Amino acid sequence: MPRRFLSLWLPYLLTDRQVIRQPELRDRAFVFADKQRGRMTISAASIPAVSLDIRPGMAVADARALQPELLVLPYKPGREEKLLQGLADWCLCYTPVVVIDAPDGLVLEISGCPHLWGGEKPYLESLISTLQAKGYQGKAAIADTIASAWAMARYGGQSIIPPAQQREALLSLPPASLRLESQTLDRMEKLGFTQIGQFIDIPTPTLRRRFGEATLQRLGQALGSAHETLDPILPKEPYLERLPCLEPVRTAPGIKIALEELLKTICQRLTKEKKGMRKGIFRGHRLDGKVEEVSIGTHMPSHHPEHLLRLFELKIPLIEPDLGIELFELEALLVEKISETQESLWHSAGDDVTALAELLDKMAGKMGAQTIHRYLPQEQHWPEHSIREAVSLEDKPSTDWDSQRPRPLHLLASPERIDVMVPLPDYPPLHFRYRGEILRVAKADGPERIEQEWWLQSGPPRDYYVIEDENGKRYWLFRLGIYGKEDPKWFIHGFFA
Amino acid sequence: MKTLADKNEAIRQLKAKIMELEGFSSSPKLPADSLGLGAFESAFPGGSFPLGTVHEFISLHPADAASTNGFISGLLASLVRQGGFCLWVSNRRSIFPPGLKRFGIAPERVIFIDLKKEKDVLWAMELGLKCSSLSAVVGELQELSFTESQRLQLAVEQSKVTGLLHRHHPKYQHALACTTRWKIVSLGSHLPEGMPGVGFPTWQVSLLKVRNGRPGEWKMEWKEGRFQPFAPRESRKQVHLSREQHYA
């Protein structure tokens, strides 16, 4: 069976994408530009800009001379690849083999596919019109070889070259359509070759001597005598399992059985790939067409069906089967790698940590994940900023806890104002009033000056004192401000054990 | 006629049997004096701090609450195994994690669960106490009923996790199904003559109730990373409560 290829050209890929995002730009001339060799150079221009003769490769200054109201947007390298990757994933609904042809095209191997659309013509039209509906201007051509399809899409207009007729089709195209190097193209122009037909019949040794091996290779690829390799994208298989039911399921035990089945199959796949579920969604398609769904999240990626079942179980009562559910779906929305190092690091504690993570998942399932906190040290002196929240159970402290300076066991959520009696500046108070009670100071330690973190906030420093009152209770007080400069204020910030 | 020694032996065996029925002997034991409680440990049944049960702590003043949490952290330091985690469930958390370091417990080993309702605190505590991979669960709340304390006790009997229940300013000090009831009050610290500053954390530790043990009252301080009897000048004398208060 002869192979057939479709080459898709998206000349306005970047600007089309921008118009989809900002429809108000549809009729405006705008360009993407970035600095190249010290000047702003256009890398992509919108259709209205091109109609004003502004083309990629021009300097922005020249373009501004043509069109003073030109809108210049910053160009980020690598954007095209990302967009093409997305489009390539979408093109998988047309054929299983899609190749990214950077910077502005895709190649689809369509052998054996077009008959599903009723032939190559409707196939091509369907692809182009769907792309147009999405907002992308595209041109495509179908041929026996990638190179000839590429050439036809870009230089010959939208067309289908019938099988084994690429030679005839190529005759009238310019040499640039063969993807030759610019040096070779210059030489051809000098020699007066403006069409492929003018040199296609020159004997091979002469062509090789004149234009090099690469030209022959390209020509061979276009005609089908040389091979061209394909590097198709791998379709991502979603972590999705389905379970259709013969009879609609209406009871909680029935739903649980379906869930168990689905979890078993999805966990088998996750275990094989050494991955675990972080976020999962369980859907039930009801007889009346409505979809019931519940979702869960976990603290550590997990592929234990029992644990995941326990998490989902809490939510089963939220599902309303009504007339019955005929199709169950389980999808892992967020999947993460389970690190093997983690298990070896914990040694015997490995099971403990898993059991603990499962316990925390259960709590988060009922109370919400925001109730669970674990703290790690942070290299900052301001007491409120000296800790940070741990992201996961495996998160390890990056610095040591500071045990040199006294830190209270209890810290008030925000410091409370107190009235004090101070004998001398820079001395701890003699007594202070807290919650209507006068407390006489028996012992004091300090001050420990903590300066504001000027890169975060500005203000006077805090001078901290450890205070013990007559009853033996210990407090952490601070003075905000310096005597003489401003009127200092006193606060209580914590309690020592 | 049985000799006195025989009788004593019979009584000892019976006591051991009773202890077993009450769920004491089967609980894991710490090596003697690993908590550094010293003379204190003789107050407990079997002469060692009971693990795998629930202990109740009462505090009446915010500064005493800090002292109580300090004492609890001191206990946790020996309870939490190397590389293990403990749970700190609370509806009024004011613990500042860096402050825990002083009591010998790595703050990153503590997982805080901050909840709003006391009912939720009890639920989370019970769930935590059932998880045998934890070493200890600390709960901070105000009130709980006898039935609720029984639930906690039932949870630990399976898993052998130690529960430490800190009640802030409780309205009633009624009987609970906890093994012990403690009250920690902060004491003025002691410094050598003429030294400035504030000394080590010092507490008046009252063991108000203990099942099958002898309640007592001690003064101790947290020094050099462990509990030490506080004896600035007076001798280390143990004050025993009267017999009547024993089963109060």
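In this predicted model, helix α4(B) passes helix α5(B) in a right-handed crossing. α4(B) covers residues 118-130 and α5(B) covers residues 146-159. Their axes lie 8 Å apart and pack at an angle of about 20 degrees. That angle makes α4(B) roughly parallel to α5(B). From α4(B), the contact draws on B:L122, B:M125, B:E126, B:L129 and B:K130. These meet B:E148, B:R151, B:L152, B:A155, B:V156, B:Q158 and B:S159 of α5(B). By class, the residues of this contact divide into six nonpolar, two polar and four charged.

B:W123 also has its place in helix α4 of chain B. B:W123 counts as partly exposed, because it has 17 C-beta neighbours inside 10 Å, and a buried residue needs 20 or more. B:R151, named above among the α5(B) contact residues, is 28 residues from B:W123 in sequence. In space, the two C-alpha atoms are 9.8 Å apart.

Leaving aside neighbours within four places in sequence, B:R92 is in contact with B:E140 and B:H168. B:D114 is 22 residues from B:R92 along the chain. The C-alpha atoms of this pair are separated by 7.6 Å.

Chain B as a whole has five helices and ten strands. Of its 248 residues, 44% are buried. Contacts in chain B with a separation of 6 or more were also sorted by sequence distance. Residues 24 or more positions apart account for 70% of them.

The two chains touch. The contact takes 40 residues from chain B and 43 residues from chain A. On the side of chain B, the elements giving two or more residues are α2 (62-79), α3 (97-100), β3 (110-114) and α4. α2(B) supplies the largest share, seven residues. By class, this side of chain B has 21 nonpolar, 14 polar and five charged residues.

Chain A comes to 14 helices and 21 strands. It has 497 residues, of which 33% count as buried. Among its contacts between residues at least 6 apart in sequence, 53% join residues at least 24 apart.

Two helix pairs in chain A were examined. Helix α1(A) covers residues 13-21 and helix α4(A) covers residues 79-91. Their axes come within 10 Å and cross at roughly 75 degrees. This makes α1(A) roughly perpendicular to α4(A). α1(A) contributes A:L13, A:L14 and A:R17, and α4(A) contributes A:R79, A:E80 and A:L83. The residues of this contact divide into three nonpolar, no polar and three charged.

The second pair is α6(A) and α10(A). Their axes are 5 Å apart and pack at an angle of about 90 degrees. α6(A) is therefore roughly perpendicular to α10(A). The contact is made by A:A147, A:S148 and A:A151 of α6(A) with A:R218, A:Q221 and A:A222 of α10(A). By class, it has three nonpolar, two polar and one charged residues.

Helix α10(A), residues 213-223, has four named buried positions: A:T215, A:R218, A:L219 and A:A222. Seen down the axis of α10(A), they fall within an arc of 95 degrees, so they line one face of the helix. An α-helix has 3.6 residues a turn, so residues three or four places apart point the same way. What covers these buried residues includes α6 (146-155), α7 (166-170), α8 (182-191) and α9 (204-211) of chain A. Two of the buried residues, A:R218 and A:A222, also belong to the contact with α6(A). After the helix comes A:G224, whose phi is positive, near 100 degrees.

How values were computed: Residues are numbered from 1 along each chain as its sequence is written. Chains are lettered from A and ligands numbered from 1 in the order in which they are written. This is a predicted model: local features need pLDDT of at least 70, side-chain atom pairs count only at pLDDT 80 or more; totals for chains, interfaces and linings use all residues. Axes are lines fitted to C-alpha atoms, for helices over the stretch in contact, and angles run from 0 to 180 degrees between N-to-C directions. Angles under 35 degrees count as roughly parallel, over 145 as roughly antiparallel, 65 to 115 as roughly perpendicular and the rest as oblique. A crossing is left-handed if the near helix is turned anticlockwise from the far one by less than a right angle, and right-handed if clockwise. Two residues are in contact if their C-beta atoms, placed from the backbone, lie within 7 Å. Ala, Val, Leu, Ile, Met, Phe, Trp, Tyr, Cys and Pro count as nonpolar, Asp, Glu, Lys and Arg as charged, and the others, Gly among them, as polar. A residue is buried if 20 or more other C-beta atoms lie within 10 Å of its own, exposed if 12 or fewer, and partly exposed in between; C-beta atoms are placed from the backbone. The arc is that of the directions from the helix axis to the C-beta atoms.
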